[in-house]
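Let's take a friendly tour of a model with several chains. Have the sequence and the 3D view open, and follow along topic by topic.

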Amino acid sequence: MKPENPFLLERSLVVGVVDEAPGVKTYTLRLSSSYSAEPGQFNMIYIYGLGEVPLSISSPPLKRGSFTYVEHTARAVGAVTGAILSRVSTGSLVGLRGPYGRGWPLREAEGRDLVVLAGGIGLAPLRPVIKCVESSRDAFGRLNILYGARSPEYLLYKYELEEYARIPNTKLLLSSDTASPSWSYHVGFVTDLIEYIDVDVGDSVVFVCGPEAMMRTSVKKLLNRGFRSDQIYVSLERRMRCGVGVCGTCQLGHYFVCRDGPVFSISELGEYFWIEGI
Amino acid sequence: MKKLMLEFKKLLGDPVFLGYKRGSTIPVFDEIRSISELPLEISDVQKPGKYEIVEGFRFRHSHSSPKWYLLPPEQVILTISPSYDAIDSGVSEGRRAVLFGVKPCDLKAIAVLDKILLDKHPVYTAKRRGIVGVVVEECMEPGGTCFCASVNSGPIVESGFDVAYARLDKETLLLKPGSDIGRQVLKSMGLERASSEYTELYKQMVGRAIDSMKRKLPDLERAQRALRGLASSQEFWEEISKKCIGCGNCNYVCPTCFCTEFIDRVGENHAERVATWIGCLTYTYGLVAGGHFRKQLYMRYRHYTLHKFLYYPLQTGGLLGCVGCGRCITWCPIGLDLIENLSRVLKVKNVEA
Amino acid sequence: MLKLAIVKITSCSGCINEILSALLEDDIRANYTLVYFTELVDSIEFREADLAFVEGSVTTRHQEEALKDLRKRVGFIVATGTCALMGGVQSLRAMGDFKPESRGLPLKQESSEIYREPKPLDQVVKVDYALPGCPINADAVKTFLRKYYLGGLPIAIYETVCSECKRRGLPCVLVTKGIPCLGPITLSGCGAICPSFGRGCYGCYGLQFHGLNGGKVLSFAERLRELGLPDLDYRALISAYSYAKYRDLLGGSH
Ligand SMILES: Cc1cc2nc3c(=O)[nH]c(=O)nc-3n(C[C@H](O)[C@H](O)[C@H](O)COP(=O)(O)OP(=O)(O)OC[C@H]3O[C@@H](n4cnc5c(N)ncnc54)[C@H](O)[C@@H]3O)c2cc1C
Ligand code: SF4
Ligand code: SF4
Ligand code: SF4
Ligand code: SF4
Ligand code: FES
């Protein structure tokens, strides 16, 4: 018997590209209609001859006719992402497999308050969360969105960011590490904003994504503010090759981040979250 | 031995035989075409950082293992065109095969790999599903770096095989069946039930085999507790890994290490996606664009050790990632000794307690 | 079509040979055009190029200046060969009694300082990509050129010759025969050629320095000593191709 090959790719067409920030773009991909994914999951995107990269799904999959559309926001940092940014445009093809991983526990958040805390490109996997809350607004309590980048031009989704503040019962707090003339929000780190969270601490969940150092600081501050470790979730990044728990490269302690994560609660992670290089 | 092979051949419809094959230098795991290819007339001498073949009849293993077949060093997982059409899905059906003369630790290593890869990794799954028979050679005289008894994977087997044999001396084989197929094979070989003289001798030899293994982990659970306690001690891991140079040999020879890296081989008009072994001791492991999750060698050495003794059990429902074969000790060019290190773990913990 | 330059400084042209053989592939010929080829002219004269392979280490001030100028005209520089990365064989002179002197070169009649320790390229200019080897491997050049044309690069993998040796299933010459082999501390890429012929690796792809420090190199040297290599021999062996890295990890020899 021939086993199924999980590494087969679906050919997908790029139908839209948006410039987000220097070196960052959002791509809309067209997939077959059977595709569906949860917020916080990721796809492996393959560029011919170069390789695959894990990219978070940055919009809830949208079914239209016989296709499903998803978005990915990619930042150019290396071989494959560099090629995506410089070569992939509307009309290009890419290979895709997924979705993979365990996303944000939205169920857990239902009926409770929700804090979304993101740094830089870390908003990409959290954007579907915001959109889901928006589309079933009554299912959730108060929403706080805390988002920062190193300078205003590095914020993602600038074309819709301020609209998040208009979602009912929602507070939007933005920050920029550096001041700029037109910037009217907080100047400083996004973790400074944790002070201004106004949800029911005992009955809420917090979703955090950003650079690892930012997540560590965030979690410390959140714990200080009285959130329990089982209320705080982070989405982790690791070197990933297979996405399905067989190549071993994404291990963090005994977890395969690709399969058991990338989203974990701080209580699940325990000391893994704090020990460097474990 | 010849009869044994023939009976399997008859019963299972001409499978291929896979085992340690004598070559010009050192036996490697490969297809066995005739009994003369089996390493029946040699022994290996193994020490930390040292391996030699001498005359004898106690061949245990080499740098090679069944992993070479089940999860080969390079696996083509997809061939694809520039327009993203799959030219070849890479996965073919596994050959019907009998593992012949593998060691108890090898068998355990396969059990470990099964838990991680079976029905998940297409290449492994195909090859593994093709294995229709297992013949194990029990170890009456374990090798110089072996410590299988300490981790419950040898020197004899209790389950998971069809026929197991022990070489009581150069000429005498004691066989035991481990499955219906095994019983059938032994029956058609027309063998007699071994007299108590032989079974007693066997028991004695097994006892001696266990005692002869100098490397021991007297109390695995305590070692595991100690490791848990030491996970965050940078100082300890730096000290333990001081001599390690991150060459990765230990990973490649380890029969349970399964980590792979995916690379693309681009040709003129298609690309091959290839999974190749990568070791967690090498610098690549944990490297990401713009950063590194295990930049220091001590972190990677720690992961290697903790994976084997703490994390595999959590990933496999209880099986250790180390089967005590001693390969990583023998084939380490520096001769670093995993078990010596673990003994140090216990000592450090004693001091602290 | 991408414009390609091949530039050579202090080196043996072995790498250039490999580049040429890569350039014979049809698909590569179709995508690259050679705008400068050092073996055919004697000064670095061309207007600009997308990509330059630079073979060799920097051994004179004249070369250093020429390279700085080259950098301005080339989009992407590939440090080619162990000479360009770690100094190469010619760096061994730093371990001897070579006396640096400033004097006129017979050919140009202009004064140029000759360096005692040849410099790897990255000490002089920004390097975009590195191809180790003495010489480099034509297959690696093909892979690089194909991936570069596709807008990317080969994925960086830092491992040792042992990795390739083991993946080939070769019996380790160090462990089985006690032959001093530099595989455990040498960058991969050659496919473990020397061990496949039963001899020890000479380290021609350069020191696999990531994650190593002086102590680790010495612990390996200690092992070589156990195998019978005298002090000076192991130093010469380890630093033969990678003097610059060796010096970074262990200090100079004087
Ligand atoms: C679950 C997950 C979700 C992610 N989501 C996004 C996203 O939405 N947008 C975005 O821009 N980036 C995201 N990343 C990071 C992104 O995958 C890396 O930036 C990318 O893999 C870098 O590859 P490269 O080829 O450009 O770089 P190179 O350094 O050339 O990488 C070589 C190879 O190493 C691996 N690798 C390198 N860096 C990483 C990394 N950080 N994570 C995982 N593998 C890596 C990749 O397999 C890559 O092919 C995510 C990472 C993970 C693990
Ligand atoms: S860790 Fe060492 S002794 Fe244990 S199974 Fe692997 S190679 Fe054998
Ligand atoms: S992480 Fe290391 S020890 Fe674990 S399987 Fe992979 S290579 Fe082996
Ligand atoms: S084989 Fe030895 S030196 Fe090499 S990585 Fe393993 S423990 Fe370190
Ligand atoms: S022969 Fe050399 S390169 Fe090969 S494994 Fe042994 S030490 Fe490493
Ligand atoms: S990415 Fe391969 S195991 Fe997680």
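Between chain B and chain A the count is four salt bridges, where a salt bridge is a side-chain nitrogen of Lys or Arg within 4 Å of a carboxyl oxygen of Asp or Glu. Keep in mind that this is a predicted model: local features need pLDDT of at least 70, side-chain atom pairs count only at pLDDT 80 or more, and totals for chains, interfaces and linings use all residues. Residues are numbered from 1 along each chain as its sequence is written, chains are lettered from A and ligands numbered from 1 in the order in which they are written, and side-chain values use heavy atoms, with hydrogens and water left out.

**Where chain B meets chain A**

- One salt bridge to look up joins the side chains of Arg239(A) and Glu261(B), at 3.0 Å from N to O.
- The contact (heavy atoms within 4.5 Å) involves 52 residues of chain B and 46 residues of chain A.
- About 4100 Å² is buried between chain B and chain A, and carbon and sulfur atoms give 60% of that; buried area is the accessible area (1.4 Å probe) that two parts lose on being put together, summed over both.
- On the chain B side, Tyr84(B), Phe262(B) and Phe293(B) lose the most area to chain A, together 19% of what that side buries.

- How many salt bridges does the rule find across the interface of chain B and chain C? It finds zero.
- Chain B and chain C bury about 2900 Å² between them, with 61% of it on carbon and sulfur atoms.
- Ile245(B), Val266(B) and Glu268(B) supply 20% of the area that chain B buries against chain C, more than any other three residues.
- Chain B brings 40 residues to this contact, and chain C brings 33 residues.

**Around ligand 3**

- Ligand 3 sits between chains A and B.
- The residues around ligand 3 (those with a heavy atom within 4 Å of it) include Gln251(A), Cys257(B), His303(B) and Lys308(B).
- Helix α10 (residues 297–316) of chain B gives the largest share of this shell, five residues; helices (H or I, at least four residues) and strands (E, at least two) are DSSP runs, numbered from the N terminus.
- By type, the shell splits into seven nonpolar, four polar and one charged; Ala, Val, Leu, Ile, Met, Phe, Trp, Tyr, Cys and Pro count as nonpolar, Asp, Glu, Lys and Arg as charged, and the others, Gly among them, as polar.

- The peptide bond from Gly98(A) to Pro99(A) is cis, with omega near 0°, and Pro99(A) belongs to strand β7 (residues 93–100) of chain A.
- Another cis peptide bond joins Gly261(A) and Pro262(A), with omega about 5°; Pro262(A) is in the loop between α6 (257–260) and β16 (263–265) of chain A.
- Asn152(B) has a positive phi near 60° without being a glycine, and at 64% relative accessibility it counts as exposed (over 50%; buried is under 20%, partly exposed in between, with a 1.4 Å probe and protein chains only).
- Is Ser13(C), at 13% relative accessibility, buried or exposed? Ser13(C) counts as buried, and its phi is positive too, about 75°.

**Confidence**

- The model scores ipTM 0.92 and pTM 0.93.
- Chain C has a mean pLDDT of 89, and 91% of its residues reach 70 or more; pLDDT is the predictor's confidence in each residue, from 0 to 100.
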